[in-house]
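Hello,

Here is the structure we talked about handing over. Please have it open while you read the notes below.

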Amino acid sequence: MSNYRPVSLTVNLCKVFESILRDNMIEHLQKHSLIKSSQHGFIRNRSCFLTNLLVFIEEVANDIDRGYPIDVIYLDFRKAFDKVPHKRLLMKLGAHGIAGNVLKWIEDWLSKRKQRVVLNGCFSEWRDVISGVPQGSVLGPLLLIIYVNDIDDCVAGKILKFADDTKICHTVYSDEDVSALQSDLCNLVKWSKEWQMLFNADKCKVMHVGYNNKQAKYDMNDVQLECASEEKKSWVSFFARM
């Protein structure tokens, strides 16, 4: 049951209004360069498979060409869309210059929401939605990336994001490099606790890339991160052939 996520079914008129609001908010954010360059999700002229991946490959390939091994840590928020605290989100929206009637509308849009499950004609009881941004809405993804926008301030190394999917990487040529990456990871865990957006440590993985990689161990919430899946490991052999 924990694998399923609620998707909001909203009327078309609401989606049209959300689209107008989203487009104007994105224009404001990009005009004033408020969204960090590490974010590639739901931003114009950016995508997961093009800009995000190309930036990552360029970064890692340059380090490998210089003879440096690299460690990459993939991070997964625990039910990110469901966990965003409403009051803290509104505070961050205000900090990004989104105020006045727009902020009041978003506050009303998030408040007093209810949800239930329908299965084969059977209905569950209505439950209050006390946190999160509606999945399936037009505006929800933008609100999420605004909420996690300042996560970059915790990281000294390289960070890349696609909505709630985050990865950090660092050269690990020396023990000091390994300590720096571990420090970045600890700072991110601290951020996640302060802003009530916890990571799912069991789904967070590390990938070791490059020659003479010491295969360092990293801890997160007292949980030792495991190596990435075979799919991500295939990138190791890809970079080794370059």
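**Helix α6 and its cover**

The elements that cover the buried residues of α6 include α1 (12–31), α3, α4 (86–95), α5 (100–110) and α7 (175–194). Contact here means heavy atoms within 4.5 Å. Helices (H or I, at least four residues) and strands (E, at least two) are DSSP runs, numbered from the N terminus. Buried means under 20% relative accessible area, exposed means over 50%, and partly exposed lies in between (1.4 Å probe, protein chains only). Among the buried residues of α6 are Gly 140, Pro 141 and Tyr 147.

This is a predicted model: local features need pLDDT of at least 70, side-chain atom pairs count only at pLDDT 80 or more, and totals for chains, interfaces and linings use all residues. Residues are numbered from 1 along each chain as its sequence is written, and side-chain values use heavy atoms, with hydrogens and water left out.

**Aromatic pairs**

The count is 8 aromatic pairs. Rings of Phe, Tyr and Trp (its six-membered ring) pair if their centres lie within 6.5 Å; planes under 30 degrees apart are stacked, over 60 edge-to-face, and the rest tilted.

Tyr 68 and Tyr 173 pair edge-to-face, at 5.3 Å centre to centre and 70° between the planes. Tyr 68 is in the loop between α2 (48–65) and β1 (70–76), and Tyr 173 is in the loop between β7 (165–171) and α7, so the pair ties together parts 105 residues apart in sequence. Tyr 68 is partly exposed, at 32% relative accessibility. Tyr 173 is exposed, at 54%.

Phe 77 and Phe 199 are stacked: 4.6 Å centre to centre, 20° between the planes. Phe 77 sits in the loop between β1 and α3, and Phe 199 in the loop between α7 and β8 (205–209), so this pair ties together parts 122 residues apart in sequence. Both Phe 77 and Phe 199 are buried. Ring pairs also link Phe 77, Tyr 147, Trp 191, Trp 195 and Phe 199 into a cluster.

**Charges over rings**

The charged end of Lys 92 sits over the ring of Tyr 147, 4.5 Å from its centre. Lys 167 lies over the face of Phe 56, 5.0 Å from the ring centre. The rule: NZ of Lys or CZ of Arg is within 6 Å of the ring centre and within 35 degrees of the ring normal.

Best wishes
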